[in-house]
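Open your viewer and follow along. Each stop says what to select and what you will find there.

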Amino acid sequence: KAAEKGGFDHFMLKEIADQPQAIADTLLGRLTDHGIALDEVRISDQDLRDVTKVFIVACGTAYHSGMVAKYAIEHWTRIPCEVELASEFRYRDPILDSSTLVIAISQSGETMDTLMALRHAKQQKARVLAICNTNGSTIPRESDAVLYTHGGPEIAVASTKAFLTQLVACYLLGLYLAQVRGIMYADEVGAVVRQLQQTPDLLRDLLDQMDPVRKLSRDLSSARQVLFIGRHVGYPVALEGALKLKELAYMHAEGFAAGELKHGPIALIDDDTPVICVVPSPVGNAMMRDKVVSNIQEVRARGARTIVIAEEGDEGVRAYADDLIFVPRVPTLLAPLMTTVPLQILACEIATARGYDVDQPRNLAKSVTVE
Ligand code: AGP
């Protein structure tokens, strides 16, 4: 087992460190001089052109990757896209037909809630495409097409590299749809592709700078609760950061859309409540970044300790941050590939500081095969 952990204390730490390679592997062979080639997606280009609506169904961390995918798919393809918890999908009798594309995201390919959602979609004649990490598992077998993530086996219960590779697969699929439908030209797709290709190196650099996060986690390990806020793609990142902390450190942790705070949750904040704030790029979207900075000021005024995740060079946030963690600059839609990583490390280290087994948290199974 020690050998399998590759010198790390836990599988989770190894899997966090594996992420640059996992992303590179997921991109491998799918990028050409003419854009994106997804030969394995066996839905014809004509059928993809006929799609009028996309639904994404998934659970837990995979659902968070779907939330990010919604922003990217709608932005790049202009096709309406909804993301739904797989466990809720069929009960509300969604409107589906043969021009609906349902994307089922699952690391294991065996999650029963996701499988039942996809079966329901197929019964209603929708086309189903799986994004999955496990070759030959049930969800891809029952789908019309599959786009595999090449993250390698994920052993720790808490999902890390699966999340980042799901994001990459969703980006590829969104760009491919835009390419096939003629919404984006090859050079526009190529520009995003080049930015995606740089992310493994940027992540390696980021992973080398995580000592302050480790130090911070010792400080936060006795907190009563930890709140997370973000906007746009930073919102699912906030939810993912909170989920990691709940499942590993057994702490009360909640993620909020930053703008929703003042509609209720701000009442949770008291002196020294740590609030982890995911700040958008000032270059990518200055207006959104400024809105989050005002939200940081709001929570700080109520006594919160603000832990700010911001883009390198955004010196303006320093005045509002009790703790500041910089991540490399990438385009706004790709930012979750960077901003999630400090939150994974934070949760892993806080759980360890509290004396818990991060690879096998209580009450949880790696794959949930019951509804
Ligand atoms: C995340 O850390 C979890 N262990 C969990 O939310 C997981 O992502 C969810 O159960 C979905 O699993 P799947 O990707 O295998 O379908």
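How many of the 371 residues of the protein chain count as buried? The share is 54%. A residue is buried if 20 or more other C-beta atoms lie within 10 Å of its own, exposed if 12 or fewer, and partly exposed in between, with C-beta atoms placed from the backbone.

Two notes before you click. This is a predicted model: local features need pLDDT of at least 70, side-chain atom pairs count only at pLDDT 80 or more, and totals for chains, interfaces and linings use all residues. Residues are numbered from 1 along each chain as its sequence is written.

**Whole chain.** Show the protein chain as a cartoon. It has 13 helices and twelve strands; these are DSSP runs, with helices being H or I of at least four residues and strands E of at least two, numbered from the N terminus. The radius of gyration is 20 Å, close to the 21 Å of the globule rule for 371 residues, so the chain is as compact as a globular protein of that length. That radius is taken over C-alpha atoms, and the rule is 2.2 Å times the number of residues to the power 0.38. The C-alpha trace spans about 55 × 45 × 40 Å along its principal axes.

**Lys-366.** Now pick Lys-366, in the segment after α13 (336-353). An unreviewed UniProt entry annotates Lys-366 as "active site"; such annotations may be inferred rather than shown by experiment. Why is Lys-366 partly exposed? Because 15 other C-beta atoms lie within 10 Å. Lys-366 touches Ser-108 and Val-157, not counting residues up to four places away in sequence. Contact here puts the two C-beta atoms, placed from the backbone, within 7 Å.

**Phe-256.** Move to strand β9 (residues 252-257), which holds Phe-256. Phe-256 counts as buried, with 23 C-beta neighbours inside 10 Å. Now select Phe-228: Phe-256 and Phe-228 are 28 residues apart in sequence and 6.1 Å apart in space, C-alpha to C-alpha. Beyond four places in sequence, the contacts of Phe-256 include Leu-227, Ile-229 and Pro-265.

**Ile-56.** Finish at Ile-56. Leaving out residues up to four places away in sequence, Ile-56 touches Gly-66, Ala-69, Lys-70, Cys-81, Val-83, Ile-103 and Ile-105.
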